[in-house]
Each structure stands twice: as C-alpha cells, then as structure tokens.
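Subject: Structure handover

Hi,

Here is the structure I promised to pass on to you. Below it you will find my notes on what turned up when I went through it.

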Amino acid sequence: ALAAGAAAKSTILKASMLSAQTPAASGRKIRFVSIGTGIRGCDLLRSARNVSTGECVGTADLYTMHQKAGQEAYGADVPTTRDYRSLLDRKDVDAVIVAVADFQHRHVVLDCLDAGKDVYCEKPMSHNVKDGLAMVEAVQKGKRIFQAGSQRVSNIAFKTAAEIYKSGRLG
C-alpha cells in the first residue's frame with residue numbers, strides 16, 4: 001500500500017496543468033461516456049446532469065434494465081450499448097466514468113487509458129497493490145488524468161468539520 005501511495009503521489013496534477021484542459025480554455029464541453037449504469041453509475045449520471053461543462057454522449061452496460069436506468073438518469077436520447085469498447089473507439093469522447101463491479105476496475109480502466117481517455121473510477125480503485133500499480137503506471141505512461149471516487153471527503157459537511165477541528169473548537 002505504501003508503494004502504491006508513493007507512486008500515486010507522483011501523478012498528482014497541479015491546477016495550472018489542468019487549466020489547459022478545462023472547457024473554459026477550449027470553449028467546448030467535456031464529452032464523456034459512462035461504463036456501468038447500475039445504482040452508483042446512475043447516481044453519477046444524475047449528478048452529471050447538473051454540471052454545465054460536461055455532456056454525456058453514451059453509456060454501456062451488459063444489462064438491459066441498467067441501460068434503461070442510465071437513460072432515465074441522464075436522458076433518454078443518450079445512446080447505450082452492451083460493448084463499452086465501441087465507446088472507447090469514439091474520437092469525440094474525452095473522458096470515461098467507470099462504475100462497473102469492483103473486480104472489473106483494472107481491466108476497464110486500462111482499456112480506457114489505452115484508448116487515450118481520462119478516467120473517473122468509482123472506489124475502490126483496486127483490491128490489491130498490483131492492480132493499483134498497473135493503473136498508476138498506465139496513467140503516467142499515457143499522461144492521462146485519473147481520479148478515484150471519494151466524494152465523501154469533498155462533501156461540504158466534511159469541509160466544515162475539518163474547519164471546526166482546525167480552529168480548536170473541539171477541545
């Protein structure tokens with residue numbers, strides 16, 4: 001775990017590096033697809049509807065019920081497929097949300113990175129150090145942006161709790 005943490009530290013991007021890749025700089029929306037439209041994938045798609053700088057251009061899931069749920073979560077006009085690899089072949093896709101079963105994270109993330117896509121992957125990133133290191137290496141090699149989900153720590157309640165703790169008010 002220590003090795004994975006050290007390797008991951010080297011891939012942290014500074015805000016100035018990201019600014020060139022933001023929609024404001026290019027004047028266009030980030031076009032993304034979602035692989036996995038089960039419970040968590042649909043939660044992410046519902047949240048993504050509120051982000052004006054992004055546009056979902058496709059979803060993939062093996063199950064018809066999940067495909068329909070993804071369209072309900074983001075919009076009925078979003079095309080869906082069972083084969084996520086067809087979405088990765090698209091040149092108009094900038095990024096991918098990976099919300100598949102945990103044991104599939106390594107395989108799907110590596111496919112996304114190999115296709116030159118930036119990736120947001122639900123937690124846990126991996127179940128072992130070997131898988132985590134393989135993903136970190138692929139991110140570095142492809143010079144891609146990768147984020148593993150941990151929304152809890154970006155929640156305003158946790159930010160407020162951290163401020164209270166730092167202020168010394170807890171005693």
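A word on terms to begin with: two residues are in contact, or touch, when they have heavy atoms within 4.5 Å. With that in hand, C42 touches T37, A69, G70 and A73, leaving out residues up to four places away in sequence.

Before going further, please note that this is a predicted model, in which local features need pLDDT of at least 70 and side-chain atom pairs count only at pLDDT 80 or more, while totals for chains, interfaces and linings use all residues. Residues are numbered from 1 along each chain as its sequence is written, and side-chain values use heavy atoms, with hydrogens and water left out.

**The chain overall**

The chain has nine helices and six strands; these are DSSP runs numbered from the N terminus, with helices being H or I of at least four residues and strands E of at least two. Of the 171 residues, 35% are buried, where buried means under 20% relative accessible area, exposed over 50% and partly exposed in between (1.4 Å probe, protein chains only). Among contacts with a separation of 6 or more, 62% are between residues 24 or more positions apart.

**Around helix 5**

Back to C42, which lies in helix 4. With a relative accessible area of 6%, C42 is buried. C42 and Y74 are 32 residues apart in sequence, and their C-alpha atoms are 7.7 Å apart in space.

Y74 brings us to helix 5 (residues 64–74), where Q67, G70, A73 and Y74 are buried. Why do they share one side of helix 5? They cover an arc of only 125° around the axis, so they fall on the same side; the arc is that of the directions from the helix axis to the C-beta atoms. These buried residues pack against strand 1, helix 4 (39–48), strand 2 and strand 3 (80–81). The face turned away from the buried side carries M65, K68 and E72, which are exposed.

**The cores**

A nonpolar core here is a set of buried Ala, Val, Leu, Ile, Met, Phe, Trp, Tyr and Cys residues joined through side-chain atoms within 4.5 Å. The largest has 21 residues, and I35, V96, V98, V108, V109, C112 and V119 touch the most other members. Two or more residues come from each of strand 1 (30–35), strand 2 (54–60), helix 6 (84–88), strand 4, helix 7, strand 5 (118–121) and helix 8 (129–142). Helix 7 gives the most to this core, with five residues. A second, separate core of 13 residues includes C56, A73, A95 and I97.

In helix 7, the buried residues are H105, V108, V109, L110, C112 and L113. Their cover includes strand 1, helix 6, strand 4, strand 5, helix 8 and strand 6.

V119 sits in strand 5 and counts as buried at 4% relative accessibility. Neighbours within four places in sequence aside, V119 is in contact with V96, V98, V109, C112, L113, I145, F146 and Q147. V119 and V33 are 86 residues apart along the chain, with 9.9 Å between their C-alpha atoms.

**The second largest pocket**

On a 1 Å grid over the protein atoms alone, a pocket is an open set of points where a 1.4 Å probe fits, with protein on both sides within 12 Å along at least five of seven lines; lining residues have an atom within 4 Å of a point. The second largest pocket is lined by 17 residues, and D61, L62, V100, A101 and Q104 lie nearest its centre.

**Loops and backbone**

F103 is in the loop between strand 4 (95–98) and helix 7 (105–114). F103 is exposed, with a relative accessible area of 68%. F103 and H127 are 24 residues apart in sequence and 7.4 Å apart in space, C-alpha to C-alpha.

Most residues other than glycine have a negative phi, and most peptide bonds are trans. The peptide bond from K123 to P124 is cis, with omega near -5°, and P124 is in the loop between strand 5 and helix 8. K143, a residue other than glycine, has a positive phi near 55°. K143 lies in the loop between helix 8 and strand 6 (146–148) and is exposed, with a relative accessible area of 72%.
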